[in-house]
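I will start with the overall fold and then work down to single residues.

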Amino acid sequence: NMRRRTLVASLIALTTCGALVALFDQRADAAGKKAGAAFHPDHDPNNVTGLSEAVEIVSKGNEKFVNKDVQGAIDAYRRAIQLAPKNPLGHYMLGVGLLAAGNPQEAEISLKQAVDLGESAPAIKARALFALADLKERQKKWEEAKLAWQAYAEFVTKHAGAGYSDSASAKLMALDDMLKQDKAYDVVRERIAADKPAGGVEK
């Protein structure tokens with residue numbers, strides 16, 4: 001649907017090599033810029049003098065995604081994970097790709113892996129937490145969505161610059177209002193059910 005496409009488009013926006021490196025390791029990227037260093041063509045697993053092979057594959061996967069080759073992008077992200085299974089970037093991008101492919105169950109697994117591995121990369125972990133919260137909300141799992149947005153809010157509060165606490169606060173307020181309305185309507189549903197005889201026709 002339109003909302004899913006909009007979310008995925010915003011999550012996939014980091015398509016350039018430099019942006020991916022900055023997302024994965026902002027400190028290394030900042031150090032490289034400070035020193036006036038340019039990326040070297042040889043692979044560097046630490047993404048300082050050059051891109052790691054896994055991050056380069058993720059970048060190519062993003063190019064495929066932008067060109068509407070979603071399956072090709074997913075395949076690239078899976079290859080990146082095989083090369084660097086502890087790098088949260090591949091898991092996060094695979095989750096985004098699976099969301100675009102309409103596979104929320106597998107997407108959730110990948111996004112949770114990105115969260116688990118993301119302590120060293122706060123920007124990636126924040127994005128994975130955001131995507132998980134949005135997914136729960138779109139699935140109308142309101143209680144789970146509230147917990148997920150709380151997790152996102154707590155994380156970005158502790159990690160300045162990783163995300164936006166204001167957006168999480170707004171989401172939590174909206175969900176609180178929705179849950180209150182839903183609970184209030186429970187009374188109405190119970191009355192409707194009580195007014196129906198066994199045959200299902202109202203009295």
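**Entry 1: the elements**

I counted the secondary structure first. The protein chain has ten helices and zero strands. Reading from the N terminus, I get α-α-α-α-α-α-α-α-α-α. I note here that the model is predicted.

**Entry 2: the chain as a whole**

Next I looked up burial. The protein chain has 203 residues, and 39% of them are buried. Its exposed surface comes to about 11,500 Å². Carbon and sulfur atoms supply 55% of that surface.

I also checked how far along the sequence the contacts reach. I took contacts between residues at least 6 apart in sequence; 50% of these join residues at least 24 apart.

**Entry 3: the core**

Which residues touch the most other members of the largest nonpolar core? I found Tyr77, Tyr92 and Leu111. The core holds 39 residues. Helix α8 gives the most, with eight residues.

In soluble globular proteins, nonpolar side chains tend to be buried together.

I turned to helix pairs. Two packed helices are described by the angle between their axes and the distance between the axes.

*With α4.* The axes of α4 and α6 come within 10 Å. They cross at roughly 15 degrees. An angle under 35 degrees counts as roughly parallel, so α4 and α6 are roughly parallel to each other. The crossing is left-handed. On the α4 side I listed Val55, Val58, Asn62 and Phe65. They meet Leu89, Gly90, Met93, Gly97 and Ala100 in α6.

*With α5.* Here the angle is about 160 degrees, and the axes of α5 and α6 are 9 Å apart. Angles over 145 degrees count as roughly antiparallel, so α5 is roughly antiparallel to α6. This crossing of α5 and α6 is left-handed. From α5, the contact uses Val70, Ile74, Tyr77, Arg78 and Ile81. From α6, it uses Gly90, His91, Met93, Leu94, Gly97, Leu98 and Ala100.

*With α7.* The angle between α6 and α7 is about 160 degrees, with the axes 8 Å apart. That makes α6 roughly antiparallel to α7. I noted a left-handed crossing for α6 and α7. The α6 residues are Pro88, His91, Tyr92, Leu94, Gly95, Leu98 and Leu99. They meet Pro104, Glu106, Ala107, Ser110, Leu111, Gln113, Ala114 and Leu117 in α7.

Some names now tie the entries together. Tyr77 is one of the core residues that touch the most other members, and it is part of the α5 contact with α6. Tyr92 and Leu111 share that place in the core, and they are among the residues where α6 and α7 meet.

**Entry 4: leucine 117**

Leucine 117 lies in helix α7. Is it buried, partly exposed or exposed? At 29% relative accessibility, leucine 117 counts as partly exposed. I then looked for its contacts, leaving out residues up to four places away in sequence. Leucine 117 touches Pro85, Lys86, Pro88 and His91. I also took one distance, to tyrosine 92.

**Entry 5: two lysines in loops**

I searched for positive phi values outside glycine. Lysine 68 has one, about 70 degrees. Lysine 68 is found in the loop between α4 and α5. At 73% relative accessibility, lysine 68 counts as exposed.

Lysine 140 also has a positive phi, near 60 degrees. Lysine 140 lies in the loop between α8 and α9. At 60% relative accessibility, lysine 140 counts as exposed.

**Entry 6: glycine 72**

My last stop was glycine 72, in helix α5. Buried or exposed? Its relative accessibility is 12%, so glycine 72 counts as buried. Which distance did I take from it to glycine 61? C-alpha to C-alpha, glycine 72 and glycine 61 are 6.9 Å apart in space. In sequence they are eleven residues apart.

Note on methods
Residues are numbered from 1 along each chain as its sequence is written. This is a predicted model: local features need pLDDT of at least 70, side-chain atom pairs count only at pLDDT 80 or more; totals for chains, interfaces and linings use all residues. Side-chain values use heavy atoms; hydrogens and water are left out. A nonpolar core is a set of buried Ala, Val, Leu, Ile, Met, Phe, Trp, Tyr and Cys residues joined through side-chain atoms within 4.5 Å. Buried means under 20% relative accessible area, exposed over 50%, partly exposed in between (1.4 Å probe, protein chains only). Helices (H or I, at least four residues) and strands (E, at least two) are DSSP runs, numbered from the N terminus. Contact means heavy atoms within 4.5 Å. Accessible areas come from the Shrake-Rupley method with a 1.4 Å probe; for residues, only the protein chains shown count as cover. Axes are lines fitted to C-alpha atoms, for helices over the stretch in contact, and angles run from 0 to 180 degrees between N-to-C directions. Angles under 35 degrees count as roughly parallel, over 145 as roughly antiparallel, 65 to 115 as roughly perpendicular and the rest as oblique. A crossing is left-handed if the near helix is turned anticlockwise from the far one by less than a right angle, and right-handed if clockwise.
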